Amino acid sequence: MIGNKSLSSSISDCSSSATITSLLNSLDGSSIGGLVGSSSEGQISNCQSSGNVDGYANVGGLIGHAGYTQIIDCHASGSVTGNRDSGGLVGSCSAGAIRNSFALGDVTCVNFYIGGLVGFTWYNTSITNSYAMGDVSATNEVGGLVGHYEGGSIRDCYAAGEVDGSFDVGGLIGVNNGGVQTGCFWDVDTSGMTDGVGDEDPDPAGVTGKTTGEMKTAGTFLDAGWDMVTVWNIEEVQTYPLLRKYSAVDTNYDNRIDLVDFMEFAGHWLDGVE
């Protein structure tokens, strides 16, 4: 794991499997991530974390807080537990970008700004070609992908985990304050949500709910203009879209194909058999 804070640096090809627990119970200095606590500037690429992360605020499966940081080709698979501002990949993010990244772990929090990928963003953060699969549970401003989105753009992204909360809860975004979405989806079956954006009714253009079957159909994403040739891949009827960088059979994304992957893949195949 990288130390508490990374200032104006480039981090690449790193991984962590450590379980991270913070004893802080306030916002003071609480930025906790599976790999990086806080990144003030720079780029984090081709990095991953598989350990569980437990903290108070700005808690992320990979990065606690990312400011002016480019996050590219990264993923996290551990569970995240916090009080607020928590996400499966990044707890909070400002004026940065997330591309070709994903989170698989569940996110459970007491209060607000909770997302399957990112808890809270502001200052025009962009998110592109990314997704979240974990279940998300908190009180308010809860989203399958992002809890609170402040400006910026989200393009070609999806969320497929169960989403649970009391106020401003959406299958994709909890609260959308000035952000623009294009070609984004959430699974209405697995999420249990009929609203894609919790504080907007109807949902804005570019946010669409689909059934699990439709989410595992290439046509859904081709019709929305997704790049299914160089960026995304899909096993028809068997998987959600996967980033082409990873083999469709590498189901736990550890960059190797073994018995664990084949057992998981076989299960998906059987699910698709009538």
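Is S191 buried or exposed? In this predicted model, S191 has a relative accessibility of 3% and therefore counts as buried, where buried means under 20% relative accessible area, exposed means over 50%, and partly exposed lies in between (1.4 Å probe, protein chains only). Residues are numbered from 1 along each chain as its sequence is written. Because the model is predicted, local features need pLDDT of at least 70 and side-chain atom pairs count only at pLDDT 80 or more, while totals for chains, interfaces and linings use all residues; side-chain values use heavy atoms, with hydrogens and water left out.

S191 belongs to helix α1, which spans residues 188-191. Helices (H or I, at least four residues) and strands (E, at least two) are DSSP runs numbered from the N terminus. A polar atom of the S191 side chain lies 2.6 Å from the backbone oxygen of D187, and a polar atom of this side chain lies 3.1 Å from the backbone nitrogen of M193. With neighbours within four places in sequence set aside, S191 is in contact (heavy atoms within 4.5 Å) with G161, E162, V163 and W186.

The protein as a whole contains 4 helices and 36 strands. Of its 274 residues, 54% count as buried. Among contacts with a separation of 6 or more, 71% are made by residues 24 or more positions apart.

Two strands pair if DSSP finds at least two bridges between them. Strands β5 and β10 run parallel and are joined by 2 bridges; G33 has G60 in β10 as its bridge partner. Strand β10 (residues 57-60) also pairs in the parallel sense with β15 (residues 84-87), over 3 bridges. In β15, S86 is the bridge partner of V59.

The structure holds 15 aromatic pairs. Rings of Phe, Tyr and Trp (its six-membered ring) pair if their centres lie within 6.5 Å; planes under 30 degrees apart count as stacked, over 60 as edge-to-face and the rest as tilted. F112 and Y113 form an edge-to-face pair, with 4.6 Å centre to centre and 75° between the planes. F112 has a relative accessible area of 23% and is therefore partly exposed, whereas Y113, at 18% relative accessibility, counts as buried. The pair of Y158 and Y240 is stacked, because the ring centres are 5.9 Å apart and the planes lie at 15°. This pair links distant parts of the chain, 82 residues apart: Y158 is in strand β28 (residues 158-159), and Y240 is in the loop between β35 (232-233) and β36 (242-243). Both Y158 and Y240 are buried. One aromatic cluster is formed by F102, Y131, Y158, F185, F221, W226, W232 and Y240.

Terms used:
A polar contact is a pair of N or O atoms within 3.5 Å; within protein, one must be able to donate a hydrogen and the other to accept it, and residues adjacent in sequence count only if both atoms are side-chain atoms.
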